[in-house]
Amino acid sequence: MPVLRTISFPTGVTCLAADNARLADCARLQHLAPFDVVFGGHMLCTCRWPSRPFAFCRAAAATTAAAAASPQLALLVNNTANWQPGFLEARKAVRQGVLGEVRSVSCVFAAPLGWLFEGADHVRWSRSEGSMRGNGFGWGQLSHTFAWVFGVTGLTPATVFAAAVHSESTGADIHDALTLTCTNGAVIAVCGAGTAPDAGFKVVANWVFGTRGMLHYGG
């Protein structure tokens, strides 16, 4: 059973906090009873990569959002990854004009997640639900890349073209290629590989090219 933590702030406000792992545990349950306790109070969802923190329990999300609409209640989603030192330095360099005007961005994100997107026990990561037009690596992982790109550069997308390779067993997209044009004329190219060899880590490589210089962020 998921466990919700209580967080008290110096201002006297108390929040109930659930991380993404515990929300994932809730998805395996046949009911949403564990969420009943948060509907009457503040809720803070914490996750290093909160790409879709409430996607597991849409009914709970709708109810939580409705409760948070009250002037006395707050619904908070914390994205700690986009406030790490490396991200902040990259954002500062771009926003202060060190690179000049951004003209192009190129990104690669590779991860050994075949077990997740092609596994029979993880259908929520591969099966479309509701109004979704697909599911897979592009949905559950490349959101991290785009959060970095738009957070660092401030670019606004205008058009997008995407192509994908889908799993023969689950139908999930496992390899993706996207090209975007932006309102300032810049272009963005993103490549995702969801079934990379398992070397014990993911690969992130982002390049930002401007009229005065370039920036590389990766690991």
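**The whole protein.** Begin with everything displayed, bearing in mind that this is a predicted model. The protein has six helices and 10 strands. Of its 219 residues, 40% count as buried. Among contacts between residues at least 6 apart in sequence, 67% join residues at least 24 apart.

**Helix H6.** Next, select residues 142-153, which form helix H6. The end C-alpha atoms of H6 are 17 Å apart, in agreement with the 16 Å that its 12 residues should span at 1.5 Å a residue. Is this helix enclosed or open to the outside? Nine of the 12 residues of H6 are buried, so H6 is largely enclosed by the rest of the structure. Colour the buried residues, which include Leu142, His144, Phe146, Trp148 and Val152.

**The partner helix H3.** An angle between 35 and 65 degrees is neither roughly parallel nor roughly perpendicular, which makes H3 oblique to H6. To view the contact, show the side chains of Phe87, Ala90, Arg91, Val94 and Arg95 in H3, together with Trp148, Phe150, Gly151, Val152 and Thr153 in H6. By class, this contact has six nonpolar, two polar and two charged residues.

**The nonpolar core.** Now select Val105, Phe117, Trp148, Ile188 and Val208, the residues with the most contacts inside the largest nonpolar core, which has 31 residues. Elements giving two or more residues to this core include H3, strand E5 (102-110), helix H4 (114-117) and strand E8 (187-193). Which element supplies the largest share? That share, five residues, comes from H6.

Centre the view on Ile188. Leaving aside neighbours within four places in sequence, Ile188 is in contact with Val105, Val149, Phe150, Leu155, Leu178, Thr179, Leu180 and Cys182.

**A loop residue.** Finally, select Ser126, found in the loop between H4 and helix H5 (137-140). Is Ser126 buried or exposed? With a relative accessibility of 9%, Ser126 counts as buried, because the cut-off for that class is under 20%. Apart from neighbours within four places in sequence, Ser126 is in contact with Phe117, Asn135, Thr170 and Ala172. Phe117 was also among the core residues selected at the previous stop.

Definitions and conventions
Residues numbered from 1 in each chain as written. Predicted model: local features only at pLDDT ≥ 70, side-chain atom pairs only at ≥ 80, totals over all residues. Heavy atoms only, no water. Axes fitted to C-alpha atoms, helices over the stretch in contact; angles between N-to-C directions. Helix = DSSP H or I, 4+ residues; strand = E, 2+ residues; numbered from the N terminus. Parallel < 35°, antiparallel > 145°, perpendicular 65-115°, else oblique. Contact = heavy atoms within 4.5 Å. Nonpolar A, V, L, I, M, F, W, Y, C, P; charged D, E, K, R; others polar. Expected span 1.5 Å × (residues − 1). Buried < 20%, exposed > 50% of the residue type's maximum accessible area, 1.4 Å probe, protein only. Core = buried A, V, L, I, M, F, W, Y, C linked by side-chain atoms within 4.5 Å.
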